[in-house]
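Please have the sequence and the model open as I talk.

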Amino acid sequence: QVQLVESGGGLVQTGGSLRLSCAASGSIFGIGVMEWYRQAPGKQRELVASITRAGNTNYADSVKGRFTISRDNAKNMVYLQMTTLKPEDTAVYYCNVLVLHSISVNHNYWGQGTQVTVSS
């Protein structure tokens, strides 16, 4: 079993910054791609950013230039540095991690979500 624990959400004013963290623990042979999603009220969950084990990143157009995803492979952690926050960034943010349980067995896990609220 694998647990993902997120932290770092909160209330911030427009233009402010927050840093989200997600720590994976448990039965882990290795970790593949790590991602951050978000879901605003009444909207579908959307991919915000992803990072491969090699460090290759991708971002949603809406956050390019403002958000930075990074990871620490030794600690099984992924981070999302969010700057120049806007009210439309308000959502519950979830990490999603591809965990390898063996050479041939892998599974995606979700964090519990952390609320980010940006006030105008």
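V97 is buried, with a relative accessible area of 0%, where buried means under 20% relative accessible area, exposed means over 50%, and partly exposed lies in between, using a 1.4 Å probe and the protein chains only. Before I go on, please keep in mind that this is a predicted model, in which local features need pLDDT of at least 70 and side-chain atom pairs count only at pLDDT 80 or more, while totals for chains, interfaces and linings use all residues. Residues are numbered from 1 along each chain as its sequence is written, and side-chain values use heavy atoms, with hydrogens and water left out.

Which residues does V97 contact, once neighbours within four places in sequence are left aside? They are L4, I31, V33, M34, H107, N108 and Y109, with contact meaning heavy atoms within 4.5 Å.

V33 sits in strand β4, and although V33 and V97 are 64 residues apart along the chain, their C-alpha atoms are separated by 6.3 Å. V33 counts as partly exposed, at 28% relative accessibility, and, not counting residues up to four places away in sequence, V33 touches S50, I51, T52, R71, N96, V97 and L98.

Now to the core. The largest nonpolar core has 30 residues, and those with the most contacts inside it are W36, L80, M82 and Y93; such a core is a set of buried Ala, Val, Leu, Ile, Met, Phe, Trp, Tyr and Cys residues joined through side-chain atoms within 4.5 Å. The elements giving two or more residues to this core are β1 (2–7), β3 (18–26), β4 (30–39), β5 (46–51), β7 (67–72), β8 (77–82), β9 (91–100) and β11 (114–119), and β9 gives the most, with 5 residues. To take M82 as an example, its contacts, leaving aside neighbours within four places in sequence, are G16, S17, L18, L20, R66, F67, Y93 and V116.

For contrast, let us turn to N58. Is N58 buried or exposed? At 54% relative accessibility, N58 counts as exposed; N58 is placed in strand β6, residues 57–59, and touches V48, A49 and S50, not counting residues up to four places away in sequence. Its C-alpha atom lies 22 Å from that of Q115, 57 residues away along the chain.

Next, some loop residues. N76, in the loop between β7 and β8, has a phi near 55°, a positive value in a residue other than glycine, and N76 is partly exposed, with a relative accessible area of 22%. T84, in the loop between β8 and β9, also has a positive phi, near 45°, and is likewise a residue other than glycine; at 45% relative accessibility, T84 counts as partly exposed. S102 is found in the loop between β9 and β10 (106–110) and is partly exposed at 24%, while its C-alpha atom is separated by 8.1 Å from that of I28, 74 residues apart along the chain.

Finally, the whole chain. How many helices and strands does the protein have? There are 0 helices and 11 strands. With 120 residues, a compact globule would have a radius of gyration near 14 Å, and the protein has 14 Å, which agrees; the radius is taken over C-alpha atoms, and the globule rule is 2.2 Å times the number of residues to the power 0.38. The C-alpha trace spans about 45 × 25 × 25 Å along its principal axes. Of the 120 residues, 41% count as buried, and residues 24 or more positions apart account for 54% of the contacts with a separation of 6 or more.

Technical notes: Helix = DSSP H or I, 4+ residues; strand = E, 2+ residues; numbered from the N terminus.
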